[in-house]
Structure formats: C-alpha cells, structure tokens
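Biologist: I would like to go through this model with you and test each label against its cut-off. Shall we start once it is on screen?

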Amino acid sequence: MPHGWYTPPPGGRPPVALCHAYSRLDRELRAIAIGRIRLRVHRVIVHSRLEKEDELTAAAAHERQMPVVTAAQAIRQALTGMGAARIALVSPYPEALAESGYTYWRSAGIEVAHTLRVDERLADTHNIYELTSQDALTAVQNVRTDAVDCIVVSGTGMPTLAALRQSAATMALPVISSNLCLAWALLGRAAPELAPTLPIGLITSKP
C-alpha cells in the first residue's frame, strides 16, 4: 500500500511531495490483480485538501470498478455515523505534520478541541513504527477529553488494538483509530452483513 516517509524540510513546513501517495494511486491500482480484489484500502501519511482526496479516490474507484477508501475517509465515515462533531485528537506525527492534520479535520467540519502528540521528540515519521500500543494508551489516557464526543487516534503505523480494547473496557468515551476505522470500512464493503454499525463494535462485540 502507498506510504510516504516524512522528513521536515528547512523551515518545518510539510512538503507538497508528501501527497505523492495520491499521485501514484492509479498506477498502483493498475498493478493489482483486479479480478481477485474487490476493495482497495489505502493507508497514507498525507493531509491534503479534502475535496482533492475525495475526487481522486472517487476517480480511482470509477476507473478500477472497485471501492477505494483512505484511512481519513474511513474515520470521517465513522465520525458521521457516531454523530461526533467535536474530538480529542491523538497523533504520532512530528509537529508540522500534526498541525497539517488538524487543518484537515477542521476542513472536514470537525472541531478539534484537544490535541496530544504521542512523542513530542519525534522530528520525522521514521520512528513512528517503534511506538507501541502502550504508547497509544498512555496518550489516550492523558489527552484532555472535556466536552468532546470522541477520541481519535490517528496514524496507521502505530499499533492501537490493545489500547482500544483497554479503553473500551475502562472509558465511557468512545475511542477510535485509523486502523480500526479502516478495518470497519473494509468489512462494511466486503461483507456488510458482518459489519457492526460503528467501528467500536469490532472491539466490543462478542464472537
């Protein structure tokens, strides 16, 4: 799946090249054995203009004749289903990229009431993959949650499953993550009869 490393340029502004995952979208989809795949889920480190994201994925879905969804789109779908308009956002990203993410969510009509970076020492995305679910849990427990509808844990490279399970067992406030929402979106398109109404159902539902 497309993925992009991020190293901050001089001045600290996220480069336009960060959106390269979207520019490669059609080329990568052409490399897939289309007859054997009914859904393409993209996890991308990118915070682009909202309308551009929807335009590109819609065009790719039309061209490839299969659904295409990004992590951010899956989260947006989840927040809409939950009726959540005000969130606390936990992010594993370096500062400049995190700020770009806040802008993305606000452009989607989501009020980002509180934010917390998992590791404020991170200057690029390389070390995100060294983070653990315990790191995510600690951040979830430390982020401010007053007057919010939901906690969103962004970043597909950071493990979150164990953190989400513990949060669901100990917190009244719903907690969702990029990977949980992607899994839910995937299931909803591939086998809608098996998909819970909301992503958190993947964590709390008993077999």
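Modeller: Start with H114, which sits in strand β4 (residues 111-117). Strands here are DSSP E runs of at least two residues, helices are H or I runs of at least four, and both are numbered from the N terminus. The model is predicted: local features need pLDDT of at least 70, side-chain atom pairs count only at pLDDT 80 or more, and totals for chains, interfaces and linings use all residues. Residues are numbered from 1 along each chain as its sequence is written, and side-chain values use heavy atoms, with hydrogens and water left out.

Biologist: Why is H114 called buried?

Modeller: Buried means under 20% relative accessible area, exposed means over 50%, and partly exposed is in between (1.4 Å probe, protein chains only). H114 has 8%, so it is buried.

Biologist: What makes the approach of the H114 side chain to D146 a polar contact?

Modeller: A polar contact is a pair of N or O atoms within 3.5 Å; within protein, one must be able to donate a hydrogen and the other to accept it, and residues adjacent in sequence count only if both atoms are side-chain atoms. The H114 side chain reaches the backbone oxygen of D146 at 3.2 Å. H114 is also in contact (heavy atoms within 4.5 Å) with residues including R86, V143 and V148, leaving aside neighbours within four places in sequence.

Biologist: What makes R144 and D146 a salt bridge?

Modeller: The definition asks for a side-chain nitrogen of Lys or Arg within 4 Å of a carboxyl oxygen of Asp or Glu. In R144 and D146 the closest N and O atoms are 3.0 Å apart. R144 is exposed at 51%, while D146 is partly exposed at 39%.

Biologist: How many salt bridges does the whole structure hold?

Modeller: Four. One of them joins E111 and R86, with the closest N and O atoms 2.4 Å apart. E111 lies in strand β4 and R86 in strand β3, so the pair ties together parts that are 25 residues apart in sequence. E111 is partly exposed at 43%, and R86 is partly exposed at 23%.

Biologist: Which parts of the chain does the D54 and R76 pair link?

Modeller: D54 is in helix α3 (residues 50-64) and R76 in helix α4, 22 residues apart. Their salt bridge is 2.9 Å, N to O. R76 is buried, because its relative accessible area is 18%. D54 has 28%, so it counts as partly exposed.

Biologist: Why is the pair of Y104 and W105 called edge-to-face?

Modeller: Rings of Phe, Tyr and Trp (its six-membered ring) pair if their centres lie within 6.5 Å; planes under 30 degrees apart count as stacked, over 60 as edge-to-face and the rest as tilted. Here the centres are 4.9 Å apart and the planes are at 90°, so the pair is edge-to-face. The structure holds one aromatic pair.

Biologist: Which members of the largest nonpolar core touch the most others?

Modeller: L79, I87, W105, I151, V152 and I176, out of 46 residues. Such a core is a set of buried Ala, Val, Leu, Ile, Met, Phe, Trp, Tyr and Cys residues joined through side-chain atoms within 4.5 Å. Helix α4 gives the largest share, six residues.
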